[in-house]
Amino acid sequence: MASNATVCPAPIAATSNGVFQGNNPLDYSLPLVILQICLVITVSRTLAYFLGPLRQPRVIAEIIGGVLLGPSALGRNMSYLNSVFPSSSLTILDTLANLGLMFFLFLVGVELDPKSLRKTGKKALAIAAAGIIFPFALGIGSSFVLLQTISKGINTLPFVVFMGVSLSITAFPVLARILAELKLLTTDVGRMAVSAAAINDVVAWILLALAIALSTTGHSPIIAVWVLLSGCGFLICAILILPPLFKWMARRCQEGEPVDELYICATLALVLAAGFITDAIGIHCLFGAFVVGFLVPKDGPFASALVEKVEDFASSLFLPLFFVSSGLKTNVATIQGAQSWALLVLVIVTACAGKIVGTIVVSLLCRVPWREAVALGVLMNSKGLIELIVLNIGRQRQVLNEQTFTIMVLMALFTTFITTPLLVAVYKPARRATMNDYKHRTIERKKNSSTQFRILTCFHSSINIPTLINLIEVSRGTDRQQGLCVYSMHLKELSERPSAILVVNKARKNGLPFWNKGQRQVNSDHVVIAFEAFQQLSRVSIRPMTAISSMSTIHEDICTSAENKRVAMIILPFHKHQRVDGSMETTRNDFRWVNQRVLEHARCSVGILVDRGFGGTTHVSASEVSSSIIVLFFGGCDDREALAYGARMAEHPGISLTVLRFLMESEPEVVGIEKIEKLDSGNCSKDDEYLAEFQQKIQTENSIKYEVKMVRNAAEAIAMIRELSRSDLFVVGRKPEGKVAEILDVKSDIPELGPTGSLLASSDFSTTATALIVQQYHSLTSSDSPVISI
């Protein structure tokens, strides 16, 4: 060991001259690092793919990948280890890993907001305290057992503190992602767990700084005091200097405009400078980076721009190197014999007992229900990246030897891995039973009803907001006593990027930012403000919501919310938007699959909105609404649903509705309710009954026109539809029925819109009219023969 400390490997050149000149690229630092990065990313992403169905966070795959690449698995082959991870490259590997880790911890600091911590409830504070004190005490107890066995000769005080810190950590980003994956973020358990974990994260860094200061092996105890005092001095200076500086930068960053590159560079330079200062003090460069991120203001575009610039570079490229660096220090083969395995079991049991039992006891004392208390205990037991950082610092400071380090890494891996399965087993939120009294799942209804009309509108960005608001305006049914209730759901993707956790922390069940309970900043959420401004000018009840999930499961949030809120229709944005030249451009193909899954699983009617700027780019007041709406009617339940929605819009005084029914020339039309009554029920279709009732009700309505278009073929029908391109809004059924619909030949690769919707959404269809394609909920009983209600 002494020779390793005095004899350094020969320095290697950065780049080679190529294999054709006899150079081996693996003997040079740059190509070797490139190979290492590619290998690490490939292994970790592959493992993440296979662990995805188990709902395991990506950190599990990265830890396992690092262990597999190290001496525990592939590293047993010395040829591989000396070629791919030679000792001469480890310094460069650790340097890059710590550089990426610095910026990642800066992002973790940005995710945490001081205001949210100050406003944390007493229950979350008590749970956080229990999740720290109990495992810290048990960690101290287990450390004495280790000192008597496999950790003999190690300085007692720093070892005891490191063990206590290791067992008391809760991985805040990992916990938030697990909650999002299991759809628990908006529950009481989810909000309490996120709040407690955020507090735990901050306290963990304070304890880590203490542990590092105490690990001044071989020096006078007075050194530890100087390190602690200097660390406190750095923290005080940062709190006094950085917030005013960041606020000055944030004030010069306007919403909707790019952030000046100078401010980004200055902030990143501050991160590096803070890392240098704390490393010089003897705490660790990561502590300085975390403090800078923690002090960045969270409101406005400045924090988002910082995250956007840093996250992919740090978390996707360099952070995986930290896991392989940890894996190279982890050798499972060192755990040999009954004693070593017994110590591993002891550490795992101690870690789980401290977190789970301590949290459950305090939760029950705070009158949290038993099931929720157990769920909180399981959640607070999850570990992650911070745990590995603590262990690596302890290994670097020679506080943890190789065997102890390996045991602690396996403990972190095990406790995190079991979090999701245990949580699913012990906490299954009761799903609401099918509501028998929830009858109005469609707009078309059997009889007149005074029940409040409810719709759920979804959007991905602010692009669709003006059209949605104008659509809500004309849908509000001015003659209805109960009016209209709209749930506006902002769909946000939960990715593996750090910024996804920043989004999670801001989200609440009602769409408000996480830390602005009871008040809202002027620029906190311009989307919510837009809906609230509309609500004040109309009689419509607007209730903002937020859904944060992966694109593969976000349809579950939409369908569940629609069921819980008892809505009659879900309105989804089309996955394409109109460009300036009139052509349709795909926003993201993932949105298309979301729409298809909602159409398949929703237990109410669904509409897909092809947005071409209905009403313009701003909200049109009720007195200024003047729009023409056309319903194309071929037949079938979807077309009847479209007509029912169009009839409701026609109640607005500024709306003129035209209903066009398409029939083949050889196909007779039954007109009038008197003729319907004279025919046998078997000779009269639901469409005829519905249209006859509709015509009877509109006899005194001057704003509604009903026309029958007789056509000989599909070409004539399409030509007639093209003549109507100057209207403002088309409302059509997704799956029209009837003889005309059968011959309607529209080539399209968008089955979710159906033939008529595909024609209206086509770039070849020259129009500025928005289109709403409607699918009716089909589980109506045969006795439900709805009639139009105007």
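Axes here are lines fitted to C-alpha atoms, for helices over the stretch in contact, and angles run from 0 to 180 degrees between N-to-C directions. Helices (H or I, at least four residues) and strands (E, at least two) are DSSP runs, numbered from the N terminus. The model is predicted: local features need pLDDT of at least 70, side-chain atom pairs count only at pLDDT 80 or more, and totals for chains, interfaces and linings use all residues. Residues are numbered from 1 along each chain as its sequence is written, and side-chain values use heavy atoms, leaving out hydrogens and water.

**Stop one: a helix pair.** Select α18 (residues 402–417) and α19 (residues 419–426). Their axes come within 4 Å and cross at roughly 30°. α18 is therefore roughly parallel to α19 (angles under 35 degrees count as such). Now show Thr-415, Thr-416 and Phe-417 of α18, with Thr-419, Thr-420 and Pro-421 of α19: these make the contact (heavy atoms within 4.5 Å).

**Stop two: the sheet.** Ten strands form an open, mixed sheet, ordered β3-β2-β1-β4-β7-β12-β11-β8-β9-β10. Strands pair if DSSP finds at least two bridges between them. Select the edges, β3 (541–549) and β10 (704–711); each pairs on one side only. On average, neighbouring strands are turned by 20° against each other, direction ignored.

**Stop three: β8 and β9.** Select residues 627–633 and 655–664. These strands pair in the parallel sense over seven bridges. Val-631 stands opposite Val-659 in β9.

**Stop four: helices on the sheet.** Select α20 (residues 465–475). This helix packs on the sheet, its direction making about 170° with that of β1. Then take α25 (residues 637–649). α25 also packs there, at about 160° to the direction of β8. Strands touched by α25 include β8 and β9.

Technical notes: Parallel < 35°, antiparallel > 145°, perpendicular 65-115°, else oblique.
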